[in-house]
Amino acid sequence: ELQSQFQCFYDQCSNNAIKRKAILNSLKKDRNQVAFLQETHLTDEEHKKYLREWVGQVYFSSYSTNKRGVIILIHKNLPFTVSDTFKDSEGRIILIKGILYGERFLLGSVYGPNINDEDFFAVLLSQIAEMDCPNILIGGDFNCSLCPHMDRCPPQNTQSKISRAVKNILEELDLMDTWRHFNLSIKSFTFHSLPHSTLTRIDYLCMSNHLVHFVEETEMGTISLSDHAPVRLAMQPPRPLDRTASWRLNRLLLLNEDFTKLLEEQTDFFLQLNDNNNTDPRLVWDAYKAYMRGIIISYSSRKRKEQLAEQNKIENKIKKLEEGYILSKSDKILGELKTASLSDITTKKAEKDILFAQQKFFEHGNKPNKYLTRLVNNSPGTNFISSIQDENGRRYMDNRRINECFKQFYEKLFCSEVKKVH
């Protein structure tokens, strides 16, 4: 697990509630803090549903219910404070500019046309240049292969006009194709066209060249949740946040007979050892809660690992079948690819999460609580102090140094007040 991982790119179609939930569950499983989605096929009102389901910031560009649509999801734990946004009217471009860890960043989700549209590329280039941001990270489905010899199967020697237009934008903005940078000689693809029997890599994550030293890992997923494979990127943030985790009981576990039986057995075991006349009942109760919490966390963790192991096993099987099909073009392998699917696992979990969410909204929907707060508070990063300057003009970005600056400031401030009184 990479604690510094905070960026992910996904290419999906999410106009179905269960599929949308499955996508969000996948992002949560991989602990992604930023997601770029294309071909969402949602209107403005439908896109706003992500505000209920995704804990963080949501920015999108819509076109219609059956075409295009792009979205950027930013997790609440990422201290990204937005200062400027741009979205086109065609549902192809969404750009957001803001402050992240004290630095100016531009994030963008792009869905390129499958024909040579010079106006589209002119608008994309001009808007990125106009927003004038030194750190750029753009993800999207560009509908072209930048290197047709490496990014297509069967390979081609000629480059399309769309590819030349995209490469021109990358050169003008000093951007790089991150996956290809770390995988120079590897052939892997993000889209499989059954009618044309072709495999292509048309989904890219492009970032400023000077940011490459922050990259820890970049990988390509499997074609499972949609007809495209996700491209993931893990980066080392300039200054990670120090956060503590909280725990609460998953009440759905109480419907599991094995779990309730385990609770009964562990309760009897604990009371036999600790419940006697010489022990204060309050101490027994407090110790019992701590003991059972450990048992529940252990049980939940084991179940979660079993589910993830099963899902990873299927994903690895799909990956091997894809690699085998690339080499052999076997109809037998293609048939196995069609039958190997994550839909049963992801759909079951998505349906359970939707049911649980409906129950919580029914119980708390008309009360002033965290659900209302999440809808009202659209700026989760505004309270984050990314950097501070001391009285000597030196700038600090480290958490401890920032705390020391505040401590010294207030010590000096209140010390002055005390001297005035005396």
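Me: In this predicted model, in which helix is Cys405 found, and is the residue buried or exposed?
Reply: Cys405 is found in helix 12, which spans residues 399–421. The cut-off for burial is a relative accessible area under 20%, and Cys405, at 13% relative accessibility, therefore counts as buried.

Me: Which residues is Cys405 in contact with, once its neighbours within four places in sequence are left aside?
Reply: Cys405 is then in contact with Ile388, Asp390 and Tyr396. For Ile388 the separation can also be given between C-alpha atoms: Cys405 and Ile388 are 17 residues apart in sequence and 7.9 Å apart in space.

Me: How many disulfides does the structure hold?
Reply: The general idea is that a disulfide is a covalent bond between the sulfur atoms of two cysteines. The structure holds zero disulfides.

Me: How should I read a strand order, and what order has the open sheet of six strands?
Reply: In general, strands of a sheet pair through backbone hydrogen bonds, either parallel or antiparallel. Here the open sheet of six strands has the order 5-6-7-8-13-10, and its pairing is mixed. The edge strands are strand 5 (80–87) and strand 10 (175–177), each of which pairs on one side only, and the twist from one strand to the next averages 20°.

Me: How many bridges join strand 7 to strand 8, and which residue stands opposite Phe105?
Reply: Strand 7 (residues 103–111) and strand 8 (residues 135–141) run parallel and are joined by seven bridges. Phe105 stands opposite Asn135, which is in strand 8.

Me: Which strands does helix 4 lie across?
Reply: Helix 4 (residues 118–131) lies across strand 5, strand 6 (93–100), strand 7 and strand 8, and runs at about 15° to strand 6.

Me: What order has the open sheet of three strands, and which strands stand at its edges?
Reply: The open sheet of three strands has the order 9-12-11, with antiparallel pairing. Strand 9 and strand 11 (191–193) stand at the edges, and because each has a single partner strand, one side of each is left without a neighbour in the sheet. Two bridges join strand 9 to strand 12 (residues 198–200), and these two strands run antiparallel; within this pairing, Arg152 has Thr200 of strand 12 as its bridge partner.

Me: Which residues are joined by a cis peptide bond, and where is Pro154 placed?
Reply: As background, most residues other than glycine have a negative phi, and most peptide bonds are trans. In this model a cis peptide bond joins Cys153 and Pro154, with omega about 0°. Pro154 has its place in the loop between strand 9 (152–153) and helix 5 (161–173).

Me: What is the phi of His41, and what of Asp132?
Reply: His41 has a phi near 60°, a positive value in a residue other than glycine, and Asp132, which is not a glycine, has a positive phi of about 50°. His41 lies in the loop between strand 2 (34–38) and helix 2 (44–47), whereas Asp132 lies in the loop between helix 4 and strand 8. As for accessibility, His41 counts as buried at 16%, while Asp132 is exposed, with a relative accessible area of 53%.

Me: How many residues has helix 8, and what phi does Lys329 take just after it?
Reply: Helix 8 (residues 281–328) has 48 residues and reaches 70 Å from its first C-alpha to its last, close to the 70 Å expected at 1.5 Å a residue. Just after helix 8, Lys329 takes a positive phi of about 55°.

Me: How many helices and strands are there in the protein, and what percentage of its residues is buried?
Reply: The protein has twelve helices and 17 strands, and buried residues make up 43% of its 422 residues. Of the contacts between residues at least 6 apart in sequence, 66% join residues at least 24 apart. The accessible surface comes to about 24200 Å², and 51% of that surface belongs to carbon and sulfur atoms.

Terms used
Residues are numbered from 1 along each chain as its sequence is written. This is a predicted model: local features need pLDDT of at least 70, side-chain atom pairs count only at pLDDT 80 or more; totals for chains, interfaces and linings use all residues. Side-chain values use heavy atoms; hydrogens and water are left out. Helices (H or I, at least four residues) and strands (E, at least two) are DSSP runs, numbered from the N terminus. Buried means under 20% relative accessible area, exposed over 50%, partly exposed in between (1.4 Å probe, protein chains only). Contact means heavy atoms within 4.5 Å. Accessible areas come from the Shrake-Rupley method with a 1.4 Å probe; for residues, only the protein chains shown count as cover. A disulfide is a pair of cysteine sulfur atoms within 2.5 Å. Two strands pair if DSSP finds at least two bridges between them. Axes are lines fitted to C-alpha atoms, for helices over the stretch in contact, and angles run from 0 to 180 degrees between N-to-C directions. The expected span of a helix is 1.5 Å times one less than its number of residues.
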